[in-house]
Amino acid sequence: MTRLTKNAKILKSIIKAIQDKKGENILSLDLRKIHEAVADFFIICQASSTTQVKAIADAVEVEVKAALGELPYRHEGQQAAQWVLIDYVNVVVHVMLPETRKFYRLEEMWSDAPMTEHHS
């Protein structure tokens, strides 16, 4: 499987998992043309509570493992659950509470990247 095909399948699985758990304001950023980016894609979404942040993060991991047999390379933020980062090397998922998202403004930081909105 080419990296592009694999990325596309991971992206699709992640977005499906977020939508299934009613994640909101889902964006994917294509970082492939941005030299200093640490990944090819970021997916950012928000949840209304720490419980939902955790539910979305868990659903993403289950969905990607079921669809591709992939486990995340790293997973951070589970304790506070205000912002969970799930790192699949080429694709990094950020699940955040609205106020955390507003504070860190990832979309603005990577505003050069082509952005796609995914509706729930």
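## Terms and model

The expected span of a helix is 1.5 Å times one less than its number of residues. Helices (H or I, at least four residues) and strands (E, at least two) are DSSP runs, numbered from the N terminus.

This is a predicted model, in which local features need pLDDT of at least 70, side-chain atom pairs count only at pLDDT 80 or more, and totals for chains, interfaces and linings use all residues. Residues are numbered from 1 along each chain as its sequence is written, and side-chain values use heavy atoms, with hydrogens and water left out.

## Helix H2

H2 runs over residues 50-68. The helix has 19 residues. From first C-alpha to last, H2 reaches 27 Å, close to the 27 Å expected at 1.5 Å a residue.

The buried residues of H2 are Gln52, Val53, Ile56, Ala57, Ala59, Val60, Val64 and Leu68. Buried means under 20% relative accessible area, exposed over 50%, and partly exposed in between (1.4 Å probe, protein chains only). Seen down the axis of H2, the buried residues fall within an arc of 165 degrees, so they line one face of the helix. That arc is taken over the directions from the helix axis to the C-beta atoms. Thr51, Val62 and Ala66 are exposed on the other side of H2. The cover over the buried residues of H2 includes H1, E2, strand E3 (74-76), E4 and E5. Contact here means heavy atoms within 4.5 Å. Just after H2 comes Gly69, with a positive phi of about 70 degrees.

## Helix H1

H1 covers residues 3-20. Its 18 residues should span 26 Å at 1.5 Å a residue, and the end C-alpha atoms are 26 Å apart, which agrees.

The buried residues of H1 are Asn7, Ile10, Leu11, Ser13, Ile14, Ile15, Ala17 and Ile18. Their cover includes E1, strand E2 (41-46), H2, E5 and strand E6 (115-118).

Lys22 is exposed, with a relative accessible area of 59%.

Val89 sits in the loop between strand E4 (83-87) and strand E5 (91-96). Val89 is not a glycine, yet has a positive phi of about 65 degrees. Val89 is partly exposed, with a relative accessible area of 47%.
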